[in-house]
Amino acid sequence: MKQNLLNFNLKELEKIVIHNLNEPKFRAKQIFQWLYKKYTFNINNFSNISKSTKEKLNTKFEIKKPQIHHISYCEQDNAYKFLLKTEDEKFIESILMICNKRVTLCISCMIGCPLKCKFCATGNELKFIRNLEVSEIVGQFLEINKYLQKNKIKQKITNIVFMGMGEPLLNIENVTKTLEILTNNDAIGISKNKITISTAGIIQGLSEIINKFGIKLAVSLHFTTDKQRSNFMPINLKYPIKKLLEEIKKISLNKRDYITIEYLMLKNINDTLNHAKKLVQILSHLKVKINLIPYNPTKTLSVKTSTEQQLNLFAKYLRSKFIPVTVRRSKGQKIKGGCGQFVLSKENHENF
Ligand code: SF4
């Protein structure tokens, strides 16, 4: 079986060119540049590589990535939602959000998700199938950037967030390799502070990956007590709040950096002033920014989002304690932009 060139980081590719192709090490950089700088996905078009090397490459390797299957655009939000099809005919989703010069791509790292957070369409309504390969994670970036170029949309992707389908830290090997490709200047070369990993609270490898790459971290905390968090997010039974916060404390932050704490606003569940007070208390030893997220209802959880008035009171209290607060007005809701909702509508044969 042929191996996919998009599944390798530079070090692995260097080993391949030396040991499998009997070529000098610099050939790996050339291949990397064809793939990630020139968007050339046909080995025969690698023009500075000899015919014999291309033949050797073609015998053992191929280049495969997910293909765009459907696109929805929401003018009001200036957001695109992409449904991509993998080689084994599964669907994944990515969202592109354009805000002035900042163009953020939200990518998926799994097909479905095993964590089953109660408020999430991916975790509850889609079956967990598998982790995505490196070629399928980085492939979302390549396909969508190519789409922007082809359609003469001037913006290029400037920021990446791992907030699509799946938990990045449960696919840590492939996410690590993807980060190596994204941040390598001979490949995509995105600045490390423009990349954010979001976790539902897996502790294994958390501080290591953030410290290794110097990227940003967002933690989906959402609740202030273990009882409530475990009820909505079963992963909390394995990694309770105290352990999670201790792990986050191990992250080295620069002066201007902070950890983003995601907090879903659920009416009468976690949105009272007492909850705000508890939140301030448990985060007191961390440098954080809190992102309040009005809840985008899914079929499986029939709770309401907090009222605007309650959200403002909650935010006001946090700000009075000198904690920076943002409110995420969810982009892409109108195009089924909640995590997993676009794939779901495809599976349910709804009209896009
Ligand atoms: S919120 Fe994230 S971690 Fe939780 S089930 Fe959904 S995709 Fe998985």
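Helices (H or I, at least four residues) and strands (E, at least two) are DSSP runs, numbered from the N terminus. A residue is buried if 20 or more other C-beta atoms, placed from the backbone, lie within 10 Å of its own, exposed if 12 or fewer do, and partly exposed in between. This is a predicted model, in which local features need pLDDT of at least 70 and side-chain atom pairs count only at pLDDT 80 or more, while totals for chains, interfaces and linings use all residues. Residues are numbered from 1 along each chain as its sequence is written.

**Overall architecture**

- The secondary structure of the protein amounts to 13 helices and 14 strands.
- The radius of gyration is 21 Å, close to the 20 Å that the globule rule gives for 352 residues, so the protein is as compact as a globular protein of that length; the radius is taken over C-alpha atoms, and the rule is 2.2 Å times the number of residues to the power 0.38.
- Taken along the principal axes, the box filled by the C-alpha atoms is roughly 70 × 45 × 35 Å.
- Of the 352 residues in the protein, 41% are buried, and among contacts between residues at least 6 apart in sequence, 67% join residues at least 24 apart.

**Domains and their contact**

- The protein is divided into domain 1 (3-62) and domain 2 (67-347), with bounds that come from an automatic or database domain assignment.
- The C-alpha centres of domain 1 and domain 2 are 33 Å apart, and ten residues of domain 1 are in contact with 14 residues of domain 2.
- Helix α2 (residues 26-36) supplies four residues, the largest share of the side of domain 1 that touches domain 2.
- By class, that side of domain 1 has five nonpolar, four polar and one charged residues, where Ala, Val, Leu, Ile, Met, Phe, Trp, Tyr, Cys and Pro count as nonpolar, Asp, Glu, Lys and Arg as charged, and the others, Gly among them, as polar.

- In α1 (residues 10-19), the buried residues are Leu13, Glu14, Ile16 and Val17.
- Seen down the axis of α1, these buried residues fall within an arc of 160°, so they line one face of the helix; the arc is that of the directions from the helix axis to the C-beta atoms.
- The buried residues of α1 pack against α2, whereas Lys11 and His19, on the other side of α1, are exposed.
- Thr53 lies in helix α3 (residues 51-60) and is partly exposed, with 18 other C-beta atoms within 10 Å.
- Leaving aside neighbours within four places in sequence, Thr53 is in contact with Leu21, Glu23 and Arg27.

**Helix α7**

- The buried residues of α7 (residues 206-213) are Leu206, Ile209 and Ile210.
- They cover an arc of only 95° around the axis, which puts them on the same side of α7.
- Just after α7, Gly214 takes a positive phi of about 65°.

**Ligand surroundings**

- Twelve residues lie around the ligand, of which Cys113, Cys117, Cys120, Gly123 and Ala200 come nearest; a residue is near a molecule if its C-beta atom, placed from the backbone, lies within 6 Å of it.
- The shell around the ligand divides into seven nonpolar, three polar and two charged residues.

Methods
Two residues are in contact if their C-beta atoms, placed from the backbone, lie within 7 Å.
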